[in-house]
Amino acid sequence: DYTFVKLDSDLYEYRDHLLTLIASDVVSEPKLSPFGNELLYTSDSGEIFVYSFETLEEELIGRFAKEIEYISWMFDGKHIFMIQDGNLLLCDLTMDNCPVLTTEVDSDSIYIPKTKPLMVELTQEGIVMIDLRFE
């Protein structure tokens, strides 16, 4: 079992009765991977990190000049969603492939299930469902 705590802009791991600093200047809410072995978070300088509970190391997976408004895991644990400038992107963990899924999206208007290849967006026209199966 892993426990992580975010205090102000610092992210800690609590294990064996010790509180250990994972990272400072964390601006996003940390997102636990679907398999529970990694954390995804962003720094205040536009960097995206993945922290492994197994290796106890963080890995920088991306750096962006524009603000990252939202970040979340996809159900497969190999891709992430992020919102930047109102665009919803689906990126692999190398950040080499980040197609735009939809534009003019707000992080409060989307829902991404942790177990299904689906994204649901609430728009003024109604509910939009996006199939995320890789074929």
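Glu 13 and Arg 15 form a salt bridge, with their closest N and O atoms 2.7 Å apart; the term here means a side-chain nitrogen of Lys or Arg within 4 Å of a carboxyl oxygen of Asp or Glu. Side chains of opposite charge can pair when their charged atoms come close. Glu 13 counts as buried because its relative accessibility is 5%, while Arg 15 is partly exposed at 28%. For these labels, buried means under 20% relative accessible area, exposed means over 50%, and partly exposed is in between (1.4 Å probe, protein chains only).

A word on what you're looking at: this is a predicted model, where local features need pLDDT of at least 70, side-chain atom pairs count only at pLDDT 80 or more, and totals for chains, interfaces and linings use all residues. Residues are numbered from 1 along each chain as its sequence is written, and side-chain values use heavy atoms, with hydrogens and water left out.

The salt-bridge count comes to 3. Another of them joins Arg 63 and Glu 47, at 2.8 Å from N to O. Arg 63 sits in strand E7 (residues 57-63) and Glu 47 in strand E6 (residues 47-52), so this pair ties together parts that are 16 residues apart in sequence. Arg 63 is exposed, with a relative accessible area of 57%, whereas Glu 47 is buried at 14%. Then there's Asp 85 with Lys 66, whose closest N and O atoms are 3.0 Å apart. That pair links distant parts of the chain, 19 residues apart: Asp 85 is in the loop between strand E9 (79-84) and strand E10 (87-92), and Lys 66 is in the loop between E7 and strand E8 (70-73). Asp 85 is partly exposed at 47% relative accessibility, and Lys 66 is partly exposed at 48%.

Now for the fold as a whole. The protein has 0 helices and 14 strands; these are DSSP runs numbered from the N terminus, with helices (H or I) of at least four residues and strands (E) of at least two. Of the 135 residues in the protein, 41% are buried.

Tyr 14 belongs to strand E2 (residues 10-15) and is partly exposed at 37% relative accessibility.

What volume does the largest pocket have? It comes to about 250 Å³, the space filled by probe spheres set on grid points joined across faces, edges and corners. A pocket is an open set of points on a 1 Å grid over the protein atoms alone, where a 1.4 Å probe fits, with protein on both sides within 12 Å along at least five of seven lines; lining residues have an atom within 4 Å of a point. There are 17 lining residues, and Val 27, Ser 28, Thr 42, Ile 68 and Glu 69 are the closest to the pocket's centre.

Last stop: Asp 96, in the loop between E10 and strand E11 (100-102). Asp 96 is exposed, at 70% relative accessible area.
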